[in-house]
Amino acid sequence: MSLREDIERFAEDRALLKIYEKIEDGRRLDFEDGIKLFETTDILTLGRLASFVNEKKNGKLVYFVVNRHINPTNICIGNCKFCAFRKSKGDEGAYELTIEEILKKAGEYVDKGITEIHLVGGLHPDWSYDYYLQMIKELHEAYPDVNIQAFTAEEIDYLSRIGRKEIEEVIIDLVKAGLGSIPAGGAEIFNTKVRNSLCPEKLTAQRYLEVHKTAHRFGLKSNASILYGHVESYRDRVEHLLMLREAQDETGGFQAFLSFAYHPENTALGGKKTTGFDDLKMLAAARLLLDNFPHIRAFWIMLGEKLAQTSLFFGVDDLDGTVVEEEITRCAGADTGSYMPKSRLIKLIKEAGKIPVERDSVYNVVNVYYGEE
Amino acid sequence: MEREINFIKDKRLIPVAEKVFSGERLDFEDGLILFESGDLLSIGYLASFVNEKKNENKVYFNVNVHITPTNICIGTCKFCAFRKNKDDEGAYELTIEKIIEKLDSLNLDGVTEVHIVGGLHPDWGYEYYLEMVKRIKEEYPFIQIKAFTAEEIKHIAERGEKSIEETLKEFKEAGLSSMPGGGGEIFNPEVRDKLCPEKISAEEYLDIHKTAHRLGIKTNATMLFGHVESYRDRVEHLLMLRETQDETGGFQAFIPLAFHPINTKIEGADYTTAVDEMKTLAISRLLLDNFDHIKAYWIMLGEKVAQLSLFYGVDDLDGTVVEEEITQAAGAKAGKYMPKERLIRLIKEAGKIPVERDALYNVVKIY
């Protein structure tokens with residue numbers, strides 16, 4: 001038997017060969033292709049396809065950012081069933097940081113070379129539009145060289161409601177205050193039925209996309225996400241990805257796609273943790289369907305360090321950041337810790353045979369780590 | 001089919017792949033080429049090819065409990081975070097009654113194996129160890145006892161001033177079913193001297209296992225990787241195991257153990273990374289052509305890597321475990337108990353067939 005015949009036998013799932021041909025010809029994958037990607041158990045072939053696409057886009061470069069997350073409050077008027085972070089006012093463990101405390105938290109790390117402050121939190125019932133703006137303004141004034149990546153589409157939508165302003169005005173105000181980019185959160189699952197069962201009060205899929213597209217028109221970059229592994233079907237995942245692809249066709253303002261693995265502990269929804277197999281499938285399928293997204297990012301806080309590293313062979317080219325303090329996933333049972341030293345990120349990337357590139361929030365290169373450090 | 005995925009990116013792997021496909025045995029150089037390659041997916045394909053020929057779509061696990069009778073140990077292995085001196089804070093020793101009590105307190109419904117390994121206690125005699133096995137067998141005749149690493153067997157034999165063969169014979173009569181693989185560490189004498197100069201040598205380790213095999217006691221084999229050893233040391237280790245297996249055929253499974261650095265005496269050591277772990281599992285599958293099973297020990301690898309390793313040549317996820325102490329002491333992050341349902345889900349989701357086995361790979365149930 002020739003080597004060639006043996007290789008042919010490896011790609012057990014013939015449906016993937018058809019998809020490979022499409023990718024090689026530069027033809028766009030459709031809904032049915034997406035379903036096949038999720039239904040396959042031939043995960044190594046899926047990884048090969050995703051790597052093929054990723055390497056065309058990013059070569060051997062793997063990005064990361066030295067950043068600090070700050071969650072200003074966990075008090076939230078929302079009641080998303082998958083959330084273990086939110087509290088009502090007066091609940092035990094409810095907290096709200098003052099602007100001074102936020103500045104202090106950021107300041108501790110500015111000297112250590114962070115290039116990004118990542119700020120997302122609850123929808124606080126008492127904080128005003130101006131208070132949110134003030135938060136950004138003071139952060140920006142105190143640390144003008146650090147990019148502020150803040151407020152998910154849900155929070156921006158909330159600002160538009162409490163400030164009685166159009167999304168466009170909110171974005172303009174935030175940019176004037178010093179906002180640099182917008183994070184990915186709040187997308188959850190776009191499918192209306194599933195969305196209504198998980199978080200009926202949250203902004204709609206259309207509104208999420210509108211916020212991002214508006215930001216893009218002002219030159220702001222943003223990221224996109226999905227929350228998977230709860231009650232959604234493969235069809236819902238594919239639909240979600242294709243809606244993002246369509247939005248990206250319009251504006252081109254998305255930088256990275258992140259997939260958030262559902263964590264069930266302490267949530268109203270309950271259920272099970274995702275498995276490594278499903279995590280990798282999600283990332284690889286995203287790389288293949290989102291042909292107009294430059295980056296696919298593995299958020300190690302949610303996936304664990306080991307899976308994040310492995311994902312570099314499944315289409316991922318970004319390991320997010322050092323993070324420092326993350327509360328939202330930890331409350332739902334993440335056991336990954338919330339700080340990853342830069343040196344460990346570099347080691348993970350190098351050991352995978354790739355080139356570590358430190359970036360800022362908007363993918364400017366800060367440093368490339370060739371050879372021995 | 002006109003076109004094909006040319007899946008091997010690292011061209012150095014092609015001659016190795018050809019050997020794998022034609023069933024030819026790999027040699028030392030092949031092993032090194034594999035470890036030096038960064039083409040993880042290709043290595044995974046090759047390992048899966050071999051694994052599927054041996055085990056098809058089956059993935060084994062067992063429902064077991066661990067008993068660690070003592071952490072007091074006369075050994076001084078530098079990679080160990082578990083051992084204590086007698087007077088140290090946190091030192092413990094379980095009496096046989098306590099062990100039975102402990103087992104009684106666990107839910108033993110459906111448990112088929114009790115796994116016993118622990119320190120080399122300075123005061124416990126041969127009879128004490130023997131009694132431990134006897135009592136457990138009396139109390140739980142249906143549970144198989146997988147006990148004592150080669151290092152402990154040597155310690156016990158010395159205590160009783162008996163040969164290894166006599167010792168193993170008596171323990172077998174007392175109820176010992178099989179032996180775990182611990183104590184393999186790294187065979188290379190230079191590295192071994194650095195890590196654990198007082199431990200049994202590689203030759204002794206292999207001799208004890210061979211003696212067990214001749215007496216009809218099945219055993220497992222291990223390698224501790226990710227500390228100070230080189231790729232050459234790993235390949236050498238694997239080939240020594242392969243040679244031994246050629247002689248006796250008594251090894252059931254090979255288990256690469258990922259080094260855990262916390263509280264150990266190895267300076268500058270770090271946790272292993274997933275890429276190195278999967279590579280090591282896959283290459284073990286490729287080099288150990290005469291081992292039936294490659295086992296991913298989820299306690300050391302974490303659940304997610306253990307599941308993914310099913311695509312890197314692994315066909316066994318070990319067990320439900322319940323109460324593991326040794327890796328915990330060195331900073332394990334994976335927890336110490338995995339419900340059977342979760343193991344089954346991990347296997348099924350990977351498109352494989354979960355097979356519950358006992359300690360000797362008899363099939364208990366197929367899911």
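I take helices (H or I, at least four residues) and strands (E, at least two) as DSSP runs, numbered from the N terminus. I number residues from 1 along each chain as its sequence is written, with chains lettered from A and ligands numbered from 1 in the order in which they are written. The model is predicted, so local features need pLDDT of at least 70 and side-chain atom pairs count only at pLDDT 80 or more, while totals for chains, interfaces and linings use all residues.

Entry, chain A. I found A:Phe151 in the loop between strand 4 (147–150) and helix 7 (153–162) of chain A. A:Phe151 is not a glycine, yet its phi is positive, about 65°. I then looked up its burial (buried: 20 or more other C-beta atoms within 10 Å; exposed: 12 or fewer; partly exposed: in between; C-beta atoms placed from the backbone). A:Phe151 is buried, with 26 other C-beta atoms within 10 Å.

I also noted A:Tyr363, a non-glycine with a positive phi of about 70°. I placed A:Tyr363 in the loop between strand 10 (355–359) and strand 11 (365–368) of chain A. A:Tyr363 is partly exposed, with 16 other C-beta atoms within 10 Å.

Entry, chain B. I count two strands as paired if DSSP finds at least two bridges between them. Four strands of chain B form an open sheet of mixed pairing, in the order 9-1-10-11. Strand 9 (316–319) and strand 11 (363–366) of chain B each have a single partner strand, so one side of each is left without a neighbour in the sheet. Strand 1 (residues 58–62) and strand 9 of chain B pair in the parallel sense over two bridges. I looked up B:Tyr60 and found its bridge partner in strand 9 of chain B to be B:Asp316.
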